[in-house]
Every structure is written in structure tokens, then in C-alpha cells.
Amino acid sequence: MNPSKRLARIAGVLYLLVGIFGGFAEGFVDPKMYIADNAAATAGNIIANSGLVRLGVVAHLLDGTFFVFLAMTLYILLQHAHKSVARAMLVLVALATGIICLNAVFEFEGLRVASDNSYAAAFGLAGSNALVMILLDIQHYGTFIAQVFFGLWLIPLGYLADRSGLFPKWIGAILVVGGACYIVDLLAAFLAPGLGQKMHSFVVIPSAIAEVSMVLYLLIVGVKIVNPRASIVS
């Protein structure tokens with residue numbers, strides 16, 4: 001197999017794993033546990049589903065781990081297109097991963113507070129539930145902050161995909177658009193929460209299409225066969 005195709009297939013598998021573990025943790029576990037402005041219900045959900053919370057924490061950590069390896073693989077594959085942009089992509093992924101892992105700590109601490117009776121004895125049940133809520137609030141909004149970098153990393157990735165000659169032009173274009181949509185979704189969530197909730201389902205569609213397209217192309221096609229003669233751009 002062509003070395004570039006092999007790297008692309010590895011990147012595709014890693015990207016798929018990021019989607020699986022990230023989707024499980026952020027799309028299934030987190031919404032099942034967290035109920036905004038309801039400390040008692042949130043704490044109750046965590047106690048009733050403690051095993052699921054632990055799985056969610058592990059999924060967050062695996063998501064971050066595979067995300068880093070994905071970025072490293074894509075860096076090797078695409079650095080010839082523009083090395084400085086490829087480095088920027090790595091930095092953005094590192095920032096996102098750091099936030100993902102820190103969020104997992106807050107989620108795990110929420111579980112510990114909810115399931116340890118010493119906190120209820122010290123602060124009372126309402127106080128203990130409030131502490132759980134604070135920890136899950138931090139984790140919830142921390143995910144929004146990570147979304148900044150989930151969006152931003154797609155922009156250099158789209159640029160590199162376009163410049164490298166290894167992918168169709170449309171892949172690079174929709175990755176850039178998808179990254180911009182992540183940022184729009186985040187800004188709406190913080191600046192106009194009511195509008196953001198209405199927009200969310202529509203704004204994330206281009207992002208989902210972009211990332212799914214990239215995963216499928218990496219897994220099925222790999223890369224276009226080219227004769228790379230261009231020198232690395234610093």
C-alpha cells in the first residue's frame with residue numbers, strides 16, 4: 001500500500017474512534033446526567049447511573065487520546081502542504097484535548113461528591129447537591145469552550161487538505177465551513193442562548209457533514225495518488 005494511503009487509513013480509524021468515544025461521552029452520557037438549573041435531579045441522575053458516569057469519564061479520556069494521535073498522523077501526512085499551518089493544527093488539538101481531559105476530572109469529582117455521604121453530612125443534602133451542580137456546570141460549559149478548538153482545528157485541516165493535493169477541493173472547503181459553524185454555534189450559545197438553542201440543530205449540520213465526509217474519505221479512498229514534488233512550506 002502507498003505510504004500516504006496507509007497513513008490516511010490510520011487517520012481514518014483514529015478519527016472514527018474520536019467520533020465514537022466523543023459521541024458516547026458528549027452525546028449520550030453527559031446529557032443523561034446533566035439537567036440545567038436542577039441540582040437535585042442532576043445529583044440523583046449521577047447516583048442512579050454511577051457506572052455510566054465512569055464509562056463516560058473513560059470515554060472522554062480515550063476521545064482526547066485518540067484526538068492527539070489523529071492530529072499527529074495528519075501532521076505527518078499533510079505537513080508538506082504548509083508546515084506552519086500543520087503546527088497550528090497540532091496546537092489547537094492539544095488545547096482541545098487538555099480541556100476535554102480537565103472536563104473529565106470535574107465530571108468524576110461530581111460523581112465522588114454525589115456518592116460520598118461525608119459531603120452531605122458536612123454541607124447538608126442541598127449543599128452537597130449544589131456542589132455536584134457546580135462541578136457539572138463547569139464540565140458542561142467547559143465542553144462549549146473546547147468547542148472553540150474543535151472548530152478552529154478544522155480550518156487549518158481544511159486548508160492543508162486543499163493545498164496538499166491529496167484530497168478533493170470540496171473536502172477542504174466543507175471542513176473550513178464546518179469549523180466556522182462550530183464557532184457560530186458557540187457564540188450563539190453564550191451571547192444569545194435562546195436563539196442558540198433554536199439555531200443549534202441547523203448550524204451543526206455542516207460541521208457533521210464535513211467531519212463525516214473526511215472520515216469516510218480517509219477510510220474508503222485514503223488519499224488521491226499524486227506526485228508530491230513541492231517542498232515543505234515553513
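The model is predicted, so local features need pLDDT of at least 70 and side-chain atom pairs count only at pLDDT 80 or more, while totals for chains, interfaces and linings use all residues. Residues are numbered from 1 along each chain as its sequence is written, and side-chain values use heavy atoms, with hydrogens and water left out. The protein has 8 helices and 0 strands; helices (H or I, at least four residues) and strands (E, at least two) are DSSP runs, numbered from the N terminus.

**Overall**

- From the N terminus on, the elements run α-α-α-α-α-α-α-α.
- Along the principal axes, the C-alpha atoms fill a box of roughly 70 × 35 × 30 Å.
- The protein has 234 residues, of which 43% count as buried (under 20% relative accessible area; exposed is over 50% and partly exposed in between, with a 1.4 Å probe and protein chains only).
- Among contacts (heavy atoms within 4.5 Å) with a separation of 6 or more, 79% are between residues 24 or more positions apart.

**Helices α7 and α8**

- The axes of α7 (residues 169–191) and α8 (residues 193–221) come within 8 Å and cross at roughly 155 degrees; axes are lines fitted to C-alpha atoms, for helices over the stretch in contact, and angles run from 0 to 180 degrees between N-to-C directions.
- That angle makes α7 roughly antiparallel to α8 (over 145 degrees; under 35 is roughly parallel, 65 to 115 roughly perpendicular and the rest oblique).
- The crossing of α7 and α8 is left-handed, meaning that the near helix is turned anticlockwise from the far one by less than a right angle.
- The residues of this contact divide into 21 nonpolar, 5 polar and 2 charged (Ala, Val, Leu, Ile, Met, Phe, Trp, Tyr, Cys and Pro are nonpolar; Asp, Glu, Lys and Arg are charged; the others, Gly among them, are polar).

**Helices α4 and α6**

- The axes of α4 (residues 83–115) and α6 (residues 154–164) come within 9 Å and cross at roughly 150 degrees, so the two helices are roughly antiparallel to each other.
- This crossing is left-handed.
- Val 85, Ala 86, Met 89 and Leu 92 in α4 meet Pro 156, Leu 157, Tyr 159 and Leu 160 in α6.
- The contact of α4 with α6 has 8 nonpolar, no polar and no charged residues.

**Val 93**

- Val 93 lies in helix α4 and counts as buried because its relative accessibility is 2%.
- Leaving aside residues up to four places away in sequence, Val 93 touches Phe 67, Val 68, Ala 71 and Trp 153.
- Ala 36 is 57 residues from Val 93 in sequence and 28 Å away in space, C-alpha to C-alpha.
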